[in-house]
Amino acid sequence: MCAACDHLPLTRRHVLAGAAASVLMGDETVRASEALVEPRLQIDKVGEGARPRVALTLDACSGHTDFTLLDALIARRIAATLFVTGLWLERNPQAIARIKDHLDLFEIGNHGGRHLAAIWGRSAPFGVKAAGSPEAVQNEVLSGERAILSVFGKKPQWFRGATALYSAPAVPLIAGMGYAVAGYSLNGDAGASLSAGAVTQRVERAQNGDVILAHLNHPERPCGKGLVNGLASLQSQGVTFVHLGNVWASSRASQL
Ligand SMILES: [Zn+2]
C-alpha cells in the first residue's frame with residue numbers, strides 16, 4: 001500500500017531525511033544516485049473564468065473500492081485522475097464498470113502492475129516491496145500499462161509509482177517510456193491513515209493549482225468520508241476540478 005501508500009510507521013519526512021543524500025522537496029536536488037526523490041507537482045493556476053482549480057488524484061493500490069467516495073465524485077461531477085494497478089483492476093470489476101460509465105469525469109493513470117516501488121535495491125518505505133532494478137521498474141510500468149490497455153483500451157499519460165518515491169534515475173527512466181511522472185502538492189490522507197476530520201481539514205485548505213493525493217481503495221477506513229466533505233467544501237468555495245491530462249503541457253515542464 002502507499003502514501004502515497006497505506007502504512008505510515010515512518011513519516012515521509014523521516015524517509016527523506018534518512019536518504020543518503022540531500023533531497024530538496026519541490027526541486028528534487030539530488031546529490032547521490034541512491035537518494036530517493038519525491039516529485040512535486042502543481043497545475044497551471046489559470047483556469048477558465050479565473051476560477052481556482054485543483055487536480056484530484058486517487059491511488060487504487062490494491063484491495064477494494066470505496067464506492068461511497070466514487071459515487072460522491074459522480075454525483076458531484078468532480079473530475080479525478082485515478083492511478084490504478086493491475087492488481088486492483090483484477091479485483092474490482094464492479095468499480096471498473098462504474099468508471100467506464102463516467103469517463104468524462106475519470107482519467108486513468110498507471111500505478112504499476114503489482115504495486116512495486118520504482119526503487120532500486122530490496123526495500124522501499126512504508127512496507128511496500130521495491131521493484132529492485134531498472135529492468136524491474138520497466139516491467140512494473142509496462143505490466144500496469146498492459147492491464148490498463150486491456151481494460152480501458154488507452155495508454156495512460158501519467159505514471160505514479162507505489163509510495164510516490166523513486167530512486168533518482170527511475171524518474172528519467174520512466175519519462176523515457178513516454179510517461180509524465182505524477183507527483184503531488186497536497187497529501188490528503190497520509191496513506192489513507194487519517195481520520196475523516198483530519199482529511200477534511202487538509203483537503204478544504206487546498207489552494208489554486210494544488211494536486212491532491214488520496215486513496216480510492218479503502219472502504220473500511222474513514223478517510224474517504226473526510227475526503228468527500230473536503231471536496232464539497234472546495235466546491236462551495238468555487239473550486240473546479242481538472243484532470244492532470246488537461247494540464248499536461250503546463251505541468252510537465254515544471255515537474256522534471
Ligand atoms: Zn499505491
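Leaving aside neighbours within four places in sequence, which residues is L82 in contact with? The list is L58, A60, I99, F106, I108, G109 and L216. Contact here is defined by C-beta atoms, placed from the backbone, lying within 7 Å of each other.

Before going on, the ground rules. This is a predicted model, in which local features need pLDDT of at least 70 and side-chain atom pairs count only at pLDDT 80 or more, while totals for chains, interfaces and linings use all residues. Residues are numbered from 1 along each chain as its sequence is written.

The overall picture next. The protein has nine helices and 12 strands. Of the 256 residues, 51% are buried. Buried means that 20 or more other C-beta atoms lie within 10 Å of the residue's own, exposed means 12 or fewer, and partly exposed is in between, again with C-beta atoms placed from the backbone. Taking contacts between residues at least 6 apart in sequence, 78% of them join residues at least 24 apart.

Back to L82, by way of the core. The largest nonpolar core has 75 residues, and L82 is among those that touch the most other members, along with A80, A117, I119, Y166 and I212. A nonpolar core is a set of buried Ala, Val, Leu, Ile, Met, Phe, Trp, Tyr and Cys residues joined through C-beta atoms within 7 Å. In soluble globular proteins, nonpolar side chains tend to be buried together.

Helix α8 covers residues 223-236, and helix α2 covers residues 67-76. Their axes come within 9 Å and cross at roughly 15°. The axes are lines fitted to C-alpha atoms, for helices over the stretch in contact, and angles run from 0 to 180 degrees between N-to-C directions. α2 and α8 are therefore roughly parallel to each other. On that scale, angles under 35 degrees are roughly parallel, over 145 roughly antiparallel, 65 to 115 roughly perpendicular, and the rest oblique. The crossing of α2 and α8 is right-handed. Right-handed means that the near helix is turned clockwise from the far one by less than a right angle, and left-handed means anticlockwise.

On the α2 side the residues are T68, L69, A72 and R76, and on the α8 side G224, K225, L227, V228, L231, A232 and Q235. By class, that contact of α2 with α8 has six nonpolar, three polar and two charged residues. The classes are: Ala, Val, Leu, Ile, Met, Phe, Trp, Tyr, Cys and Pro nonpolar; Asp, Glu, Lys and Arg charged; the others, Gly among them, polar.

Helix α7, residues 196-203, also packs on α8: the axes come within 7 Å and cross at roughly 30°. That makes α7 roughly parallel to α8. This crossing, too, is right-handed. Contributions from α7 include A196, V199 and V203, and those from α8 include C223, G226 and L234. The contact of α7 with α8 divides into eight nonpolar, five polar and two charged residues.

Next, backbone angles. Most residues other than glycine have a negative phi, and most peptide bonds are trans. R77 has a positive phi, near 55°. R77 sits in the loop between α2 and β3 (80-84), and counts as exposed because 12 C-beta neighbours lie inside 10 Å. A190 also has a positive phi, of about 50°. A190 is in the loop between β10 (186-187) and α7, and is buried, with 20 other C-beta atoms within 10 Å.

Last, some pairs that are separated along the chain. R53, in strand β2 (residues 53-60), is buried with 23 C-beta neighbours inside 10 Å. P125 lies in the loop between β5 (117-120) and β6 (130-132) and is buried, with 28 other C-beta atoms within 10 Å. P125 and T163 are 38 residues apart along the chain, and their C-alpha atoms are separated by 7.1 Å. R91, in helix α3 (residues 86-91), is partly exposed, with 17 other C-beta atoms within 10 Å. R91 and G63 are 28 residues apart in sequence and 7.2 Å apart, C-alpha to C-alpha.

Terms used. Helix = DSSP H or I, 4+ residues; strand = E, 2+ residues; numbered from the N terminus. Contact = placed C-beta atoms within 7 Å.
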